[in-house]
Amino acid sequence: MKRYGHWINGTSSAPETREYLTSTSPGTDTVVCEIMLGDETDVGAAVTAAQDAFPEWRNRKPGERGRILSAIADGIRAEAGQLAELESAESGKPAWQSPIEVEGAAAFFDFYVGLANVPAGEFIDMGPGRHGYTVREPYGVVGVITPWNAPLNQAARAIAPALMAGNTVVVKPSEFTSATTLELARIATEAGLPDGVLNVVTGNAYGAGRPLVQHSAVRKVAFTGSVRAGREIGHIAADRIIPLTLELGGKGANIVFADADLAAAAQGAITAFAVNAGQICSAGTRLLVAAEIHDNFVDALREAAKQVVPGQTYGPQTTHAQFAKVLSYFDVAEEDGATLVTGGAAVDDGWLIQPTIYAGVTNDMRIAREEIFGPVLVVIPFTNEDHAIALANDSDYGLSAGIWTTDVARTHRVAAQLDAGQIYVNEWPAGLVEGPFGGYKNSGYGREKGAEALHHYTHTKFVLVKL
Ligand code: NAD
């Protein structure tokens, strides 16, 4: 069993004298590894290392930084098998899924290398006698805090653009799934990343996470996790007047119009809520269905749900608290008066839950308003397009929304009116690299992924020259 220390300044040590958290495979007693319980002093050491490494790293040519990021992508791919095994062991993901997420992590590094030499500023016409231009500059030390549902992928999606833009980074991964982020830092060092440019401090929310946000040398924070934690971090960031990217929860509305390819829509609706056992912020968990097809569509969903095999299609809930939370919503659904279509129970005591669908749901029920973060879908009928849009937007969240239709004009009309950061039309993908990703409303602000993420890891300087 491996015992991990933090990764600070290109190295790690794990002395007996320190306290460690034991990481076990979800729903089992199988110990995966131990990770060090970090504190404010550890965070301080990591931030100092990142601060010291910053001047040299930011002054490298973008192409030189890019070459190292390419080598990191190669390093991830060279160890893809072991990384995927470790990711599955800690998070409970099935064996088919982790390799896809590991490849996704490598793809983030590839993507930002491709943008290495894209102009990072613009010439501004000030008229005769003056030249104006902008430069996009890195912040310095960036703090990254990640959750447990896609640990390596979420770490890579913040680290890659932050490093490409010339920042140095300190990551605090989830206390439940830290191992692959620590391995990524080792791989990055072996790929030639200078010591101190990427550091990882493990531990819990208040021992390690909060001190990272509070540290005076951390100039920007990228947080992925719950609304509760996002709000707490937001207060600290406001006091410190530092920029923040918040990637928080969701309750994605997935709208099926009567003119859709209904077989594809039923299949897509299942994927949208069941992938990763529903432990995805961008899941499509509120299915809005045209009233005239509602009953037949619910039958189609019941049928399609039979293809979902818990334990194969998806794994267990990653934490016991999450398992208990999802089960508690089955009681809430009963209190709400919803009709169970399928599922509604645990498969076994290994934290596996049946794919669960409720019909007879109204948008004011708790199961329609709160993020459950499990394999639970609620089906709500709508009468016309305006009603569908109103229901979709009647949510505290605004991360992802879906539209199923064969009417092109309707696609654009509805997409324009939905309050959500991502709109998926006739599919519900997860884990893309190229498009900007982030929320409206309580789902957060700022964007990860895509070229736009680079803007969130830099600030703009305007230079005016009298000629
Ligand atoms: P969480 O908020 O409990 O924890 C996330 C991370 O933040 C962990 O590393 C934790 O230690 C740390 N943390 C928690 N409170 C903190 C605080 N006050 N100060 C500093 N650090 C703190 O979330 P979780 O249970 O790990 O993840 C599930 C949540 O994450 C869900 O709500 C889900 O929707 C959200 N999520 C969002 C996205 C996205 O991209 N929008 C992606 C995945 C998960």
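Author: A polar contact is understood here as a pair of N or O atoms within 3.5 Å. The structure under discussion is a predicted model.

Reader: With that cut-off in mind, how far is a polar backbone atom of Leu248 from a nitrogen atom of the ligand?

Author: The cut-off for a pair of N or O atoms is 3.5 Å. The pair formed by the ligand nitrogen and the polar backbone atom of Leu248 falls within it, the separation being 2.8 Å.

Reader: How much of the accessible area that the ligand has on its own does the protein cover?

Author: Around the ligand there are 31 residues, of which Lys172, Glu175, Ser226, Glu232 and Glu371 come nearest. On its own the ligand has 850 Å² of accessible area, and the share of this that the protein covers is 92%.

Reader: Turning to the open sheet of 3 strands, which strands stand at its edges, and why is one side of each left without a neighbour?

Author: The order of the strands is β1-β3-β2, and their pairing is mixed. One side of each edge strand has no neighbour in the sheet because each has a single partner strand, and the two strands concerned are β1 (2-4) and β2 (20-24).

Reader: Which residue of β3 is the bridge partner of Lys2?

Author: Strand β1 and strand β3 (residues 31-36) are paired in the parallel sense, with 3 bridges between them. In β3, the residue bridged to Lys2 is Cys33.

Reader: Which helix touches β1, β2 and β3?

Author: Helix α6 (residues 179-190) lies across β1 and β3 and runs at about 75 degrees to β1. The helix that packs on the sheet with contacts to β1, β2 and β3, and whose direction makes about 90 degrees with that of β3, is α3.

Reader: How many of the residues of strand β12 are buried?

Author: Arg286, Leu288 and Ala290 point one way from β12 while Leu287 and Val289 point the other way, and all are buried. Strand β12 also pairs with β11 (residues 253-256) in the parallel sense over 4 bridges, with Ala253 opposite Arg286. The strand is therefore largely enclosed by the rest of the structure, the buried residues being 5 of the 5.

Reader: What is the relative accessibility of Gly344?

Author: Gly344 belongs to the loop between β13 (339-342) and β14 (356-359). Apart from residues up to four places away in sequence, Gly344 touches Phe330, Gln354, Thr356 and Tyr358. Gly344 counts as partly exposed, because its relative accessibility is 22%.

Note on methods:
Residues numbered from 1 in each chain as written. Predicted model: local features only at pLDDT ≥ 70, side-chain atom pairs only at ≥ 80, totals over all residues. Heavy atoms only, no water. Pairing = 2+ DSSP bridges. Contact = heavy atoms within 4.5 Å. Axes fitted to C-alpha atoms, helices over the stretch in contact; angles between N-to-C directions. Near = heavy atom within 4 Å. Polar contact = N/O pair within 3.5 Å; in protein donor to acceptor, adjacent residues only side chain to side chain. Areas by Shrake-Rupley, 256 points an atom, 1.4 Å probe, with all protein chains shown as cover. Buried < 20%, exposed > 50% of the residue type's maximum accessible area, 1.4 Å probe, protein only.
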